[in-house]
Structures are given as C-alpha cells and as structure tokens.
Amino acid sequence: VYNAPVTAYVPTVPAGYSFSGWGEEIPANMPAEDLEYSGTITANTNTPYAIRYWLQNIEDDEYTEDTESAVVTTGTTDATITATVAVPTGFHLNETTSTVSGKIGGNGQTVLNVYYDRDMHSVSYSYTGDVHPENEPAAPATQSYKYGATIPAGEKPTATGYSFEGWTGEASTMGTADIAVTGSWTINSYTITYQIEGQDDVVQT
C-alpha cells in the first residue's frame, strides 16, 4: 500500500551460513512503485571442526586419545571432510567404530573420530631336539597378546632324569609378529660309587 510503513523481511539463515543483506537500503515507507531486492545465503568458510585419533589400551578395550595427531581447524559449512588414516605400527583401523569422513556441521561441533586397535599375535611353545623324556610334560599353551603387551616368561618344565635347557626365542614385549619359542632336554648322568676298605673307590657312570 502506498506510503505504508515497510518492515524489511529477515530471512531464516541456517547455522553456519551468512546472509549477504539486500544490497541497498529499503525505504521506511512504500513508494508509488514496485520494489525488488535480492540477497544470497552462503556457507561460512570458517566453521570449526575436529579430527581426533584414538589408540586402544593394552590393559583393556578402551581407548586413549593420541592428542599429538589431533586436528582442530575450520572449513566450509556442509563441505565433505575426510580424515587422514595413517595406521601406526602394531595397530589396525577399526572400521566399525571409526568415522573417517563426513560433512562440516553448521553448529561448529563436527568431530571425526578415528580408532586404531592393537594387533594381536601369538606366543607358542614347543620342544625340539632328539631327547624327550617318557614323562615329558606338555609345553605351555599358546597365548595371544596385544601389540606392546608384556609377555610373562614361560614356565620351565621338569622331568625326572632330565634337565631342561631353557626356552629359546622368548620376548618380554609383544611386537609385530607371532613368536615361536622352543626348548630342549638333556638326559642326566649319575654315578655309582663302590667303597671297599683299604682300596680306592670304584666309580661307575
């Protein structure tokens, strides 16, 4: 209506976007002609987001953040971002738990979380050599450990009449491959001594 007060329309602007404005001043009252104004809503280019990396603990299945690898930066709202996956030695990507790509949310709270699980490797024990006691005990059972875990020393077996020479190939910490530990026996030698008064002892082995 001519000369009626004009209230400028304010568009709804989504989070992470900015309105350019109408480009020119809107009159306070309606003039005797039609008016047309144009404006744009554009995505912000400084919307915050973060990428965080997590390493599985040794002692449980929880995770500890690798803060040195974290990325906290900005980008364009609704742009697709992809985390750099650089798997550390002894780990593998947990594809089920990780979110390696997504869009930057306008609220500035987008976080991509990348989870690395520790590799598991086995420690096996076996006997080698040609000497085996008739009552040879079973070698320690094969066990699996996470990368970086402490490996306890294998229990040393005993057998009557034999000496165990020890385990070869043991490691104190689990590395990046399975470990095969071997052990061997030697048969003991014993002596019989005959003592006759007035004569030298006679020793048999």
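Predicted model: local features only at pLDDT ≥ 70, side-chain atom pairs only at ≥ 80, totals over all residues.
Residues are numbered from 1 along each chain as its sequence is written, and side-chain values use heavy atoms, without hydrogens and water. Local features need pLDDT of at least 70, side-chain atom pairs count only at pLDDT 80 or more, and totals for chains, interfaces and linings use all residues.

**The sheet.** Four strands form an open sheet in the order β11-β10-β13-β12, with mixed pairing. Strands (E, at least two residues) are DSSP runs, numbered from the N terminus. Two strands pair if DSSP finds at least two bridges between them. β11 (143–146) and β12 (162–168) stand at the edges with a single partner strand each, so one side of each has no neighbour in the sheet. β12 and β13 (residues 179–187) run antiparallel and are joined by 5 bridges.

**Salt bridges.** A salt bridge is a side-chain nitrogen of Lys or Arg within 4 Å of a carboxyl oxygen of Asp or Glu. The count is 2.

| Pair | N to O distance |
|---|---|
| E65 and R52 | 3.3 Å |
| D61 and K146 | 3.2 Å |

E65 lies in β4 and R52 in β3, so their pair ties together parts 13 residues apart in sequence. D61, in the loop between β3 and β4, and K146, in β11, are 85 residues apart.

Buried means under 20% relative accessible area, exposed over 50%, partly exposed in between (1.4 Å probe, protein chains only). D61 is exposed at 54%, whereas K146 is buried at 12%.

**The patch.** I192, Y194 and V202 make a nonpolar surface patch of about 270 Å². Patch residues have over 30% relative accessible area and no salt bridge; nonpolar side chains are joined within 5 Å, like charges within 9 Å. V202 is partly exposed at 43%.

Key: Areas by Shrake-Rupley, 256 points an atom, 1.4 Å probe, with all protein chains shown as cover.
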